[in-house]
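Me: I am new to this structure, and I would like to learn how to read it. Could you take me through it feature by feature?

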Amino acid sequence: MKARVTVMLWLFALAGETLGAPAGPANMVLVPAGIYHPLFESRTAPAGIKVSSFYLDALPVTVGDYLEFVLANPQWQRSRVKRIFADEAYLQNWEGDLKPGTTELADAPVTQVSWFAARAYAQWKGKRLPTIAEWERAAAASPTRPDGENDPAFRRQILEWYATPSFPLVSVEQGKPNFWGIRDLHGMVWEWVLDFNAALLGDDTQAGGQNSRGLFCGGASQGARDVDDYPAFMRTGFRSSLKADYCVHNLGFRCAKDL
Amino acid sequence: MKMKQLCYAASILAAVLSLSAAELKTNEVKHSCCQPMDASLKGLPEKSVYQLETVWTNDQNQAMQLSALKGRPQIVVMFFASCQYTCPIIVHQLKQLEEALPLGVRTNVGFTLASFDSKRDTPAALKDFRAQHTLPQLNWTLLNGDADGVADLAAVLGVKFKQGAQGQFAHSNVITLLNAQGEIVYQQIGLNPENQELVPRIEKLETH
């Protein structure tokens, strides 16, 4: 009897395994724990940064999603948002407080939202923004391998997107899902991360003024993990140029969640 | 039959009602993003840093919002108490700045140090820091906040920061001058003892 129960439990466990990961939050994907290698590795911790497993939205937040948010949270409507939380460009691509632009698809990624707005949306959903480490960990995967960042063909593809104007914005879910099942991390819009303002800060740069060391001019690749990883340079540069109230026409976001 | 239908309808209604009751309940627990405006924020300019509604704790263990700082110019700096490098220098610079102010102005300027280090800079640790650096109780405020509050304040002040593997914080050094309404009037970026801008800027605020 006991043996039979054990076998049954084992079978259940097996079934669970084959059915995939335990069901997480809707439309989110589990990214297993791993290591993120920052572009500028710390001298004190060159082994990379451990990233715990987490959930990430399979798709960027869409215009339709964001409309629901501003309906439920009027203080985030275009005419009512406090200037300190979003600059003048906030939702300027919409026609009104509750009316997305006519050329904008409801399932296109929402853009022209500030970091504060993205964060408030995530909180409202019971989620949060992903950190740089988490976003990069998820985005390193190509459609076929978790470490796509080491695949020159995949890098070339990303670079081609960086070189291509992405307007007008198309519906999400265009791209192939990556190894983890997440779409549109590349090829659609840039995305806010929780700690965008940590970009370019090394682990051991406490001396003020030293922080942008190596970003500008010919020193750009000095100390970088991989001088060929141009997409990582571009993302780092882009993030470090942002301020929390900036609303940019090709900058959206997606949410993450702890396990 | 009719009775049965009625019961059925009633049970659906009950289910719907209980569902909306449950929804109401979850709505009650609102995040800081979605809370109704605090009365004390009324009349503050839209670009006031005091629009942030996060609750901080000072070294007297009192909970407070940043808007409690309004009413006089404030010098605001983010730091952490165990910092071995720039933070002691910045605090020293702030004390020098305070001494450089004319007496009548000095007593009406607040100095606020908000810590990056939610975990270690407890109110008690901040109290020790105050004692170590002999920071006057009258106009120096030391604040501990949660991770969200720290992120918010850093974001509005344009301070870059990042926690390192050993729990230390890498951060940019920014001294911010806020007017009585909490608007950013001037920022000194980096450690620059040669920078003499702050004193006249504060004096200018005081005479207006």
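Me: What percentage of the 259 residues in chain A is buried?

Reply: A residue counts as buried if 20 or more other C-beta atoms lie within 10 Å of its own, exposed if 12 or fewer, and partly exposed in between, with C-beta atoms placed from the backbone. In chain A, buried residues make up 41% of the 259 residues. Before we go on, this is a predicted model: local features need pLDDT of at least 70, side-chain atom pairs count only at pLDDT 80 or more, and totals for chains, interfaces and linings use all residues. Residues are numbered from 1 along each chain as its sequence is written, while chains are lettered from A and ligands numbered from 1 in the order in which they are written.

Me: Is A:His37 buried or partly exposed?

Reply: A:His37 is partly exposed, because 19 other C-beta atoms lie within 10 Å. You will find A:His37 in the loop between strand 2 (34-36) and strand 3 (49-51) of chain A.

Me: How many helices and strands does chain A have?

Reply: Helices (H or I, at least four residues) and strands (E, at least two) are DSSP runs, numbered from the N terminus. Chain A has 6 helices and 9 strands.

Me: Where in chain A is confidence lowest, and where is it highest?

Reply: Look at pLDDT, the predictor's confidence in each residue, from 0 to 100. The mean for chain A is 82, and 76% of its residues reach 70 or more. Confidence is lowest in helix 1 (residues 2-18) of chain A, with a mean of 46, and highest in strand 4 (residues 54-57) of chain A, at 98.

Me: What is the order of the strands in the open sheet of chain B?

Reply: Strands of a sheet pair through backbone hydrogen bonds, either parallel or antiparallel. Here, two strands pair if DSSP finds at least two bridges between them. The open sheet of chain B has 7 strands in the order 2-1-5-4-3-8-9, with mixed pairing. Strand 2 (63-65) and strand 9 (184-189) of chain B stand at the edges with a single partner strand each, so one side of each has no neighbour in the sheet.

Me: Which way do strand 3 and strand 4 of chain B run, parallel or antiparallel?

Reply: They run parallel, joined by 6 bridges. In this pairing, B:Val77 has B:Leu113 of strand 4 of chain B as its bridge partner. By contrast, strand 1 (residues 55-58) and strand 5 (residues 140-144) of chain B run antiparallel, with 2 bridges. Strand 4 of chain B is mostly covered, with 5 of its 6 residues buried.

Me: Which residues touch the most other members of the largest nonpolar core?

Reply: In soluble globular proteins, nonpolar side chains tend to be buried together. A nonpolar core is a set of buried Ala, Val, Leu, Ile, Met, Phe, Trp, Tyr and Cys residues joined through C-beta atoms within 7 Å. The largest one has 101 residues, and those touching the most other members are A:Leu56, A:Ala117, A:Ala118, A:Leu129, B:Val77 and B:Met78. Leaving aside neighbours within four places in sequence, B:Val77 is in contact with B:Ile90, B:Leu94, B:Leu113 and B:Ile175.

Terms used
Two residues are in contact if their C-beta atoms, placed from the backbone, lie within 7 Å.
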